Amino acid sequence: MLAFARRRYRGRHPVTSPPRLDARTLLILALPLAAFLLRLGGAPLFDVDEGAFSEATREMFERGDFLSTWLNGAPRFDKPILIYWLQAVSYWCFSGMFGVEWAFRLPSALAAISWCYAIWHFARPRFGSDAALAALAVAATSLGPFAIGRAATADALLNLLLALSLFDAWRHLESGQRAPLLRCYAWIGLGVLTKGPIAVLVPGAVTFLHCASRKDWRTWLRAMTNPFGWLILALIAVPWYAAILAVHGQDFIDGFILKHNVRRFTSTLEGHAGSIFYYLIVVPALLLPWTGPLFASLRRLRADFARRTEPRADDGLRPYLWLWAGFVVVFFSLSGTKLPHYALYGATPLFLLVAAHRNALHRPLAHLVAPTALLALAIALPTLGALLAVRGTLGNDYYRALFAEGPLRAGADYYAICGGALLVWLAALVAFRQTTWNRLLFAACLQTAVLALAVAPWLGTTQQGPVKEAALFARSRPEPVVLWNLRMPSASVYRDAITPSRAPEAGEIAITRLDRLPEQGFKILFQRAGVAVVRAAAKGEYQ
């Protein structure tokens with residue numbers, strides 16, 4: 001058992017009282033449910049990631065193999081197994097009632113909801129009930145959590161497990177109790193089953209930095225070498241890894257360990273590059289519309305580190321949170337592969353710090369510009385996308401063809417929702433005198449509603465609708481179907497069948513991109529925006 005300087009922390013945080021269940025509290029507590037479940041299946045599956053995770057899960061049922069993951073008939077070693085198991089349960093239970101999109105996304109939505117409530121539960125005894133509600137609201141309404149909490153990928157689940165592990169690590173550090181430490185190992189074990197070594201790296205590094213800043217090396221070493229903790233972690237993670245190694249051997253090591261972990265850090269994979277300053281731009285964007293409070297909190301960073309010796313309820317916690325966020329940003333800034341959602345591994349502490357500094361917001365206008373601009377941008381988004389497509393400044397020919405039809409896919413309901421939200425927001429700014437924080441909270445709720453009810457369905461229909469329609473058309477055809485020059489695994493989900501990626505042979509059907517279709521040798525059977533379903537000709541046919 002680790003006895004971590006109990007004399008430093010004992011009695012520092014107040015006893016948690018039951019939450020006040022007034023109307024405002026209940027509405028804020030309901031925010032995660034609304035943010036992550038509202039129209040969860042309103043958009044087609046996004047490629048590549050959502051389509052790949054969903055198809056790999058679907059193929060578990062087709063192959064009768066729930067140990068390994070395969071994508072269109074080839075082994076898939078991108079991620080470990082836990083998210084696929086959860087998606088498989090949801091797909092089996094709910095796809096018939098609510099559709100495949102809703103079913104595949106549900107585990108991520110539940111993870112994001114749990115993530116928000118875990119933040120609230122952790123913050124209440126350390127920052128107070130009001131700050132805990134504020135942190136929950138920031139987590140539930142920020143742009144980044146909205147995106148991953150409604151995506152059929154592993155990221156929302158990993159974020160939950162990282163948050164739980166580092167919350168319990170702090171509970172152990174502040175009390176010396178053994179139970180939080182053992183729970184921390186359990187969360188890490190589940191994280192290793194979700195995304196691999198990153199689940200060990202982040203908690204290990206953050207707690208090391210915290211203990212090193214206090215010159216308390218012994219505490220960290222004792223915690224990291226706890227035999228019961230490692231036994232728990234091994235019991236959770238080792239059986240699957242041992243089984244998958246026995247089945248796939250070196251292929252798994254090459255695919256998962258070397259490619260998707262080592263090479264992902266040391267080099268750029270799949271074109272996801274960025275400068276060392278990438279996350280300095282991405283992190284504020286992921287916290288929209290709370291970017292202003294984030295910058296206000298950053299101005300308090302030095303003061304938060306200076307107050308660690310004060311006898312307060314959150315003694316030492318604020319530096320711990322800053323170290324958590326800082327390590328994630330620095331580590332992934334050094335990585336060769338950069339993706340926006342990596343920064344969310346360090347967003348949990350930022351939610352808490354933004355809430356803790358919520359009363360230090362000055363210059364209200366500066367904080368209210370971002371939500372106003374976002375709500376206005378939502379109205380213009382279909383037209384702006386089409387304008388960029390027509391001018392040739394949006395991606396390649398394929399994406400230009402998709403977004404040229406964007407205004408046609410934004411019906412009257414889209415403009416009614418977006419325009420109505422902006423009008424309500426402008427009226428509220430004029431008519432109601434509230435604190436800057438309450439105004440931002442109202443704007444964040446409007447932003448979440450607009451994203452869930454209008455923007456996400458429109459974006460999904462514009463970007464993925466043609467792929468879904470083409471796949472459903474191909475599903476009705478008797479010929480063999482392949483994916484050709486089109487990396488869209490969601491097509492296999494909608495066909496409910498494995499769709500190999502290769503050039504079509506004579507008489508076969510291919511789902512492909514129009515901009516990559518040869519002039520001769522193929523008959524177009526279906527065409528929508530930049531996507532086509534074609535039949536390969538026999539020799540001399542369709543000349």
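Visitor: Before we start on helix pairs, what are the axes and angles here?
Guide: Axes are lines fitted to C-alpha atoms, for helices over the stretch in contact, and angles run from 0 to 180 degrees between N-to-C directions. Keep in mind that this is a predicted model.

Visitor: Great. So how do the axes of H16 and H19 cross?
Guide: Helix H16 covers residues 291-298 and helix H19 covers 347-356; their axes come within 9 Å and cross at roughly 80 degrees. Angles of 65 to 115 degrees count as roughly perpendicular, and therefore H16 and H19 are roughly perpendicular to each other.

Visitor: Which residues meet there?
Guide: From H16 you have Pro-293, Leu-294 and Ser-297, and they meet Leu-350, Leu-353 and Val-354 of H19.

Visitor: And how does that contact split by class?
Guide: The contact of H16 with H19 has five nonpolar residues, one polar and no charged ones.

Visitor: Switching to the sheet: what's the strand order?
Guide: The order is E3-E4-E6-E5, in an open sheet of four strands with mixed pairing. Strand E3 (481-484) and strand E5 (522-528) are the edge strands, each pairing on one side only. From one strand to the next, the twist averages 25 degrees.

Visitor: How do E4 and E6 run?
Guide: Strand E4 (residues 509-513) and strand E6 (residues 531-536) run antiparallel, joined by five bridges. To find your place, look for Thr-512, which stands opposite Ala-532 in E6.

Visitor: How many bridges between E5 and E6?
Guide: Six, again in the antiparallel sense. Phe-522 stands opposite Ala-536 in E6. E5 and E6 form a hairpin with two residues between them, and Ala-529 in the turn has a positive phi of about 50 degrees.

Visitor: Which helix lies across those strands?
Guide: That's helix H24 (residues 436-475), lying across E3, E4, E5 and E6 and running at about 130 degrees to E5.

Visitor: Okay, cores. Which residues touch the most other members in the largest one?
Guide: The largest nonpolar core has 156 residues, and Val-202, Tyr-320, Trp-324, Leu-352 and Ile-511 touch the most other members. H24 turns up here too, giving the most to this core with 16 residues.

Visitor: What does Tyr-320 touch?
Guide: Leaving aside residues up to four places away in sequence, Tyr-320 touches Leu-166, Ala-169, Trp-170, Leu-173, Val-206, Thr-207 and His-210.

Visitor: And what's in the second core?
Guide: This separate core has eight residues, among them Val-482, Trp-484, Leu-517 and Val-534.

Methods:
Residues numbered from 1 in each chain as written. Predicted model: local features only at pLDDT ≥ 70, side-chain atom pairs only at ≥ 80, totals over all residues. Heavy atoms only, no water. Pairing = 2+ DSSP bridges. Contact = heavy atoms within 4.5 Å. Parallel < 35°, antiparallel > 145°, perpendicular 65-115°, else oblique. Nonpolar A, V, L, I, M, F, W, Y, C, P; charged D, E, K, R; others polar. Core = buried A, V, L, I, M, F, W, Y, C linked by side-chain atoms within 4.5 Å. Buried < 20%, exposed > 50% of the residue type's maximum accessible area, 1.4 Å probe, protein only.
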